[in-house]
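Please open the model in your viewer and keep the sequence panel at hand.

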Amino acid sequence: QQPLELTRKILRDKQNKKNSGQPIPVFPSWVYERPALIGDFLIGTSLSTDTTVPIGTLPLASQESVIVEDLLYVLIGVDGRYITAQALVGRQSRAFSLDPNLDLSIKELVTRILPVAASYSAVTRFIEEKSSFEYGQVNHALAAAMRTLIKEYMILITQLEHLQRQGLLSLQKLWFYIQPTMRTLEILASLATSVDKGECMGGSTLSLLHDKTFNYTGDSQAQELCLYLTKAASVPYFEILEKWIYRGIINDPYSEFMVEEHELQKEKIQEDYNDKYWDQRYTVVQQQIPSFLQKMADKILSTGKYLNVVRECGRDVTCPVAKEVIYTLKERAYVEQIEKAYNYASKVLLDFLMEEKELVAHLSRSIKHYFLMDQGDFFVHFMDLTEEELKKPVDDIITTRLEALLELALRMSTANTDPFKDDLKIDLMPHDLITQLLRVLAIETKQEKAIISADPTELTLSGLEAFSFDYIVKWPLSLIINRKALTRYQMLFRHMFYCKHVERQLCNVWISNKTAKQFSLHSAKWFAGAFTLRQRMLNFVQNIQYYMMFEVMEPTWHILEKNLKLVSAITNAV
């Protein structure tokens, strides 16, 4: 009893930890303290008050009659006068003691019938144990299906007892009538032992039942029995599955389902470069995947995740092609239903992102305009306004002043028509661009700790070197335009922005060179070399900017836009 109590406690603590707001129910202690309620043998308690007549003194016919009566008791878990159950050792099968004075011919037949009683004992114990709340709904359903079969077995024993009272039941007849039930109880006991040994719950119980069903392919009666049990046990699991693939909800109080939910904050997608919200919010629990759903596990996970994203935005979604999932040996039935649910979920999320949340508009109007410097007049205004401020060391810059100048530049330029312009923010980085690149490249490598703990830079950064834009992306667009994607755009922007600054500086040098014309021709020749160098530098900077913007980024952007127009389903690349 102690190990079972300990097992229940461990399971209960685990489940209560997961469902902190709603503890799972518990049977009252007297259910476990009263062994007479179990329906199995009570060891060391004699239920009979009769004085037992030594069986060896009885004639053969009387011995048979007495043993038949004893067997009818033993077959329903009650000790007889001449046949008694032995105490269990671990998970072993139930053994019985026979009166040594019993006639050998009768003894032989009795030993053939007793395995039925041993199987009944194993099944009864399993039903009682797995009916506890802690073992989960799949085991509850399996135990309930077994209990239905045990009731039919009890009816058979009652009918046999009726025959016995009429004096019409011999030991041979009992052996004949019990034959069909023998195989059934043997299979039930085998399943009960396997579930116990494997400590199976939820999906792992269904995997075991499914595999057993397939193993009995040549034995139609045994396969039909296993199919009945698997169908019954799969009902609660499929209810959880249906809620997940049709509505994006997980209701799994006993941790039986293949998808597990973790408490994560979606806001961190905005802040953390390495945030794994999409990968870790919902994960697949490998041992809880029923073997018949193994191939579809990833699609089942994605289907619910897609619907869950839309639900978290306050929209209730229900799959219009929802059908009840019923266990069958033909896997095609599941595949088709899951495929339909997946296609619907994928389309719902895609339409939601594209139309309602305007993903393409965010990319083309904001990301491209600001991070890839596509909005020419805005940058001229902005750089004119912030030139003096950005020359200062980064510690001396007042961010709110830069924010105000940014807003002014946005209002004065064509960017004023952008509905998402208020999401653009200033970000003064603690590192220069090269250090930032090294830190990103070092992620999940041996050098990561060394680079992160290193001093950001020996020199004080100027505002220009530290300057970058940031962009506020709201859920669910933050799944796609996440911190990782924004960091890439920021690095491109910092490089382009600094190139633009260098170009402006060279243009300012050109303006200041105009004053050289007032000197005599003899003096002017000293400036010729400097003018040529400045012009070549300016040409180089303008050409490299042209190359980056029109030869690299623009064609790539067109491919991105083209792909976005052709997309028909959300993929795992999200």
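The model is a predicted one, in which local features need pLDDT of at least 70, side-chain atom pairs count only at pLDDT 80 or more, and totals for chains, interfaces and linings use all residues. Residues are numbered from 1 along each chain as its sequence is written, and side-chain values use heavy atoms, with hydrogens and water left out.

Next, select residues 136–165, helix α5. Helices (H or I, at least four residues) and strands (E, at least two) are DSSP runs, numbered from the N terminus. From first C-alpha to last, the 30 residues of α5 reach 43 Å, close to the 44 Å expected at 1.5 Å a residue; the expected span is 1.5 Å times one less than the number of residues.

Now select α3 (residues 60–74) together with α4 (residues 104–130). Their axes, lines fitted to C-alpha atoms over the stretch in contact, with angles running from 0 to 180 degrees between N-to-C directions, lie 11 Å apart at an angle of about 10 degrees. The two helices are therefore roughly parallel, the term for angles under 35 degrees. In α3, residues including L60, I67 and L71 meet residues of α4, among them I106, V110 and L114; contact means heavy atoms within 4.5 Å.

Finally, select β6, residues 467–471. All 5 of its 5 residues are buried, meaning under 20% relative accessible area (1.4 Å probe, protein chains only). F467, F469 and Y471 lie on one side, S468 and D470 on the other.

Notes: Angles under 35 degrees count as roughly parallel, over 145 as roughly antiparallel, 65 to 115 as roughly perpendicular and the rest as oblique. Buried means under 20% relative accessible area, exposed over 50%, partly exposed in between (1.4 Å probe, protein chains only).
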